Amino acid sequence: MSRSLPVLMCGFRPFFVLTAASATLLMLTWLLVINGWLPGWNPPGGLVLWHAHELIFGFAAAATAGFTLTAIPEFSKTSEILGKTLLPVVGLWLLARLAYLLAALWPAALGLWPAALCNLAFWLTLLRLLVPRLWQADGRAHLSFAWVILSLCLLQVGFFAAQLMVADALAWARAATGALSVLIVIATSRISMSVVNGRIEEGRPDAPLPNDSYLARPPRRNLAIVCIVLCSASEFVIGGQPVSGWVALAAAAAMFNLLNDWHVGRPLFQRWALMLYTCYWLIGLGYLALGAAWLGAPISSSSGRHLLTSGAVSLAIFAVMAMVGRIHAGLWLDRRPWPMLCASTLVLAALLRTLAGLPLTASSSLALMNIAGLLWASCFAIYLIATWNTLTGPRADGRHDGSGPQLKSDHSC
């Protein structure tokens, strides 16, 4: 089937299309909602819950599936996941999005049950494809991916259970933001050694590390992961209390400490390394803002949350899609200006959304949210347009899989 439908040639292809398309449509829909231009549509639990759920468990989940379905077979040295094998997980993701949208229209007794079941089936199908590969000898070192995906699955189950019991469903979505931050740290530690050391840029992704190379060292990384998990757990149990504020500051400090691994001089200052490096900065700043808000600073916790979601998570997703979507389509990295311009625009959008949560900008918060949302959506729309042929069309080298380029790059686009 991958020969007749190139979009099913590798796991990243359908899911990166869905990631970019859902990002654009979900954000534009949300802008219509906050401006009062979409009256009469109100899914169970309210529009804020739908917005948070779909961006975390829809947009980010699609990106997670696309990356792991491509990377895990490579990491574990097992067979690729392609063709008909991809259809169930892609179909379940689409059904889950549709079920939440239609929940506002069908009988209240049916409610979010279809959405909950489709989402649960999506995660379980994804785990069924990945866990056997991770359990292989070569995949055991990457089992952390399975734990993060399982945690996202359980957090989403908690989200829907809380809705059914009329409890605080948003608390489960907040905890999922922490899980996504952990996933960024785990995933980037695998990617960054090739990126910072220039092996992907130079067409040598499997070359040995030079003596003075960047290394993603476990101690700092593990400390950051533990602090993020503790912060999420503290907020979930006791809310935005001072204790949670101090733990959030610890998570910020751990992330800033993790940045020291990246400070290797000139190799850091190339576009792909800077994108991933900026993700770490945004995570650190996000937890710093959360900690400050919970300790009484005149800032909304929403500002910190959006530094994590519309900032770190979104930039990480964009950067990974821009890299993985080229390398595993048999192409070297795109050297045109648009990826860096979009990455910079995503950071700007996150900062504008953060400003919207400050007391000094209360009178212009809606305008800031509109500008930030339009900028954010435009980046993923540009990505979809610029990579459409790469994601949905046949490979230029005639292959029918997700293998990397076969020859050294000539640095063409």
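**Close-up views of a predicted model**

**View 1. Helices α2 and α10 cross at roughly 35 degrees****.** In this predicted model, the axes of α2 (residues 47-76) and α10 (residues 301-327) come within 11 Å. The crossing of α2 past α10 is left-handed. On the α2 side, the contact is made by Phe59, Ala60, Ala63, Phe67 and Thr70.

**View 2. Glutamate 235 and arginine 305 pair up in a salt bridge****.** The closest N and O atoms sit 2.6 Å apart. This pair ties together distant parts of the chain, with glutamate 235 in helix α7 (residues 218-238) and arginine 305 in helix α10, 70 residues apart. Both glutamate 235 and arginine 305 are buried.

**View 3. Isoleucine 283 is a buried residue of helix α9****.** The helix spans residues 271-294, and isoleucine 283 has a relative accessibility of 0%, so the residue counts as buried. Setting aside neighbours within four places in sequence, isoleucine 283 is in contact with Ser181, Ile184, Ile228, Met255, Leu308 and Ala312. For a sense of scale, isoleucine 283 and threonine 19 are 264 residues apart in sequence and 21 Å apart in space, C-alpha to C-alpha.

**View 4. Asparagine 119 is buried in helix α4****.** Helix α4 covers residues 113-134, and asparagine 119 has a relative accessible area of 1%. If you skip residues up to four places away in sequence, asparagine 119 touches His53, Phe57, Ala96, Arg97, Gln156 and Phe160.

**View 5. Leucines make a nonpolar patch on the surface****.** The members are Leu95, Leu98, Leu101, Leu102 and Leu105, with about 450 Å² of accessible area together. Leucine 102 belongs to helix α3 (residues 87-102). Its relative accessible area is 31%, so leucine 102 counts as partly exposed.

View 6. Within it, arginine 399 bonds to aspartate 401 with the closest N and O atoms 3.2 Å apart. Arginine 399 is partly exposed at 33% relative accessibility, whereas aspartate 401 is buried at 16%.

**View 7. Arginine 174 meets aspartate 168 in a salt bridge****.** The N to O distance between these side chains is 3.6 Å. Arginine 174 is partly exposed at 27% relative accessibility, and aspartate 168 is also partly exposed, at 44%. Across the model, the salt-bridge count comes to nine.

Terms used
Residues numbered from 1 in each chain as written. Predicted model: local features only at pLDDT ≥ 70, side-chain atom pairs only at ≥ 80, totals over all residues. Heavy atoms only, no water. Patch = residues over 30% accessible without salt bridge, like charges linked within 9 Å, V, L, I, M, F, W, Y side chains within 5 Å. Areas by Shrake-Rupley, 256 points an atom, 1.4 Å probe, with all protein chains shown as cover. Salt bridge = Lys/Arg side-chain N within 4 Å of Asp/Glu carboxyl O. Helix = DSSP H or I, 4+ residues; strand = E, 2+ residues; numbered from the N terminus. Buried < 20%, exposed > 50% of the residue type's maximum accessible area, 1.4 Å probe, protein only. Axes fitted to C-alpha atoms, helices over the stretch in contact; angles between N-to-C directions. Left-handed = near helix turned anticlockwise from the far one by under 90°. Contact = heavy atoms within 4.5 Å.
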